[in-house]
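User: Hi! Could you walk me through a few details of this one?
Analyst: Happy to, here it is.

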Protein chains: 2
Amino acid sequence: MEHTTPEPRIGDAFGRTLQRCWAAGAACEITERDDGYISAADATRYFTPAEDLSELDQRAVALAQGRILDVGTGAGRHALALQQQGKDVLGLDPSPGAVAVARQRGVAAELGSIAHPPEGIGTFDTFLLLGNNLGLLQGEQAAPEVLRQLAALARPGALLLGTGMDPAGSDPEHTAYQDRNRARGRMPGQIRMRVRAGALATEWFDYLLLAPHELERLIRPSPWQRETIHEQGPKYLAVLRLR
Amino acid sequence: MEHTTPEPRIGDAFGRTLQRCWAAGAACEITERDDGYISAADATRYFTPAEDLSELDQRAVALAQGRILDVGTGAGRHALALQQQGKDVLGLDPSPGAVAVARQRGVAAELGSIAHPPEGIGTFDTFLLLGNNLGLLQGEQAAPEVLRQLAALARPGALLLGTGMDPAGSDPEHTAYQDRNRARGRMPGQIRMRVRAGALATEWFDYLLLAPHELERLIRPSPWQRETIHEQGPKYLAVLRLR
């Protein structure tokens with residue numbers, strides 16, 4: 001009697017969502033956690049105009065200088081804000097749909113990731129991991145390598161500007177997941193998730209919500225050192241500098 | 001290596017979505033088809049103010065008279081429009097969360113469905129199946145019984161006002177599903193689906209997209225006869241009257 005839904009086809013569900021949102025002016029982004037928890041949020045946030053960016057994002061945009069790499073650029077909202085200020089920014093995203101949308105919006109964007117940067121991408125003075133993209137550190141295991149890969153593309157004295165979110169909270173559907181993470185030796189805010197859209201799903205990936213003190217612990221042995229952390233409720237902007 | 005997500009818990013995912021939207025002013029409603037196709041849409045449409053209702057909906061509101069039953073009232077957008085015109089309407093919904101939201105918005109709403117109406121609900125001069133709720137006919141097998149149950153609650157000369165949508169289209173993700181339906185002896189627009197929200201999912205249910213000519217075929221042997229069908233692109237308002 002029990003009906004089991006077939007697994008979705010692996011594909012660019014994130015890019016499809018951005019493309020629909022760009023074409024229609026509205027879309028919902030569906031994310032699924034590996035315990036079956038599913039949620040959807042307004043995808044127009046990927047298109048926030050420069051003047052409506054959050055205070056933390058605007059601070060990051062102001063601090064960014066030199067040659068800038070916007071990691072996980074999405075639809076390019078931060079890159080566009082930087083370009084409007086005449087700054088030199090390259091957007092990077094592993095989603096072909098995202099890169100297509102970012103380019104249609106006038107962003108210089110390339111397909112790739114920190115682990116797999118495009119050939120000849122060069123080096124940078126500033127790295128942006130905005131839109132909560134400190135999550136790309138993935139977790140305790142992966143973070144050292146990600147931080148090392150960033151440093152390999154860095155010029156002397158480079159800045160790393162990333163926003164993150166403290167996962168602490170009281171929603172039992174989230175705290176139970178965090179407890180399960182702890183029991184399995186994972187960081188509490190380590191979320192195994194994927195994006196879904198229509199018949200498509202991305203591959204599963206780890207995305208990390210971490211408190212500032214956890215971030216400090218992860219960067220201690222890395223080529224990066226903490227300069228400042230601007231907190232705003234559970235959210236924060238971390239300013240790191242290459243040692 | 002393949003990760004299979006656990007099945008969600010059965011619960012009032014639709015009501016949860018409406019409650020979140022009512023509390024936060026925004027939410028996405030996630031629907032999943034039994035072939036794994038998943039989509040999400042802006043749930044604020046359940047809260048459309050009377051003056052912004054579609055032309056077909058406004059026509060239905062104008063035609064409704066006497067004692068009115070709004071079947072699948074949701075957050076009560078049509079019931080509120082009727083109440084504002086001084087009309088006598090009762091909202092009916094099987095979702096406890098929907099009924100709670102409708103009541104908070106000032107709608108007289110009861111928990112139940114056409115198959116399981118609340119005790120002593122009485123009889124009605126008008127039935128509304130708006131918001132595409134001709135879909136509640138479910139399919140060829142179930143429709144005669146649904147139409148009979150509606151007639152059992154009807155006063156002489158009662159009206160049934162329902163909106164529907166012709167499923168014909170060219171999106172291969174939908175036409176393939178329709179072809180599969182035909183091959184299994186189902187109506188092409190018969191969608192087996194559920195609503196999902198967080199850890200919750202509703203039970204699977206059939207929801208029917210049908211063309212006007214298919215509706216006419218379904219009602220021919222029923223206690224209802226076609227009065228008019230107002231078409232607007234693939235959408236339409238059917239006006240049926242008790243024989």
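Analyst: One term before we start: contact means heavy atoms within 4.5 Å. Also, this is a predicted model.

User: Thanks! Which residues does Arg186(B) touch, leaving out those up to four places away in sequence?
Analyst: Arg186(B) touches Asn181(B), Ile191(B), Arg192(B) and Asp206(B).

User: And where does Arg186(B) lie in chain B?
Analyst: You'll find Arg186(B) in the loop between helix 6 (172–183) and strand 9 (190–197).

User: Is Arg186(B) buried or exposed?
Analyst: Arg186(B) counts as buried, because its relative accessibility is 18% and the cut-off for buried is under 20%.

User: What does the side chain of Arg186(B) make a polar contact with?
Analyst: The partner is the side chain of Asp206(B), at 2.9 Å.

User: Switching topic: how many disulfides does the structure hold over all chains?
Analyst: There is one. This disulfide joins Cys28(A) to Cys28(B), with an S to S distance of 2.3 Å. The pair crosses between chains, from strand 2 (residues 28–33) of chain A to strand 2 (residues 28–33) of chain B.

User: Which hand does the disulfide of Cys28(A) and Cys28(B) have?
Analyst: It is left-handed, because the torsion about the S-S bond is about -85°.

User: And what about Cys21(A)?
Analyst: Cys21(A) is in no disulfide; its nearest cysteine sulfur belongs to Cys28(A), 8.8 Å away. Cys21(A) counts as buried at 4% relative accessibility.

Terms used
Residues numbered from 1 in each chain as written. Chains lettered and ligands numbered in written order. Predicted model: local features only at pLDDT ≥ 70, side-chain atom pairs only at ≥ 80, totals over all residues. Heavy atoms only, no water. Helix = DSSP H or I, 4+ residues; strand = E, 2+ residues; numbered from the N terminus. Buried < 20%, exposed > 50% of the residue type's maximum accessible area, 1.4 Å probe, protein only. Polar contact = N/O pair within 3.5 Å; in protein donor to acceptor, adjacent residues only side chain to side chain. Disulfide = S-S within 2.5 Å.
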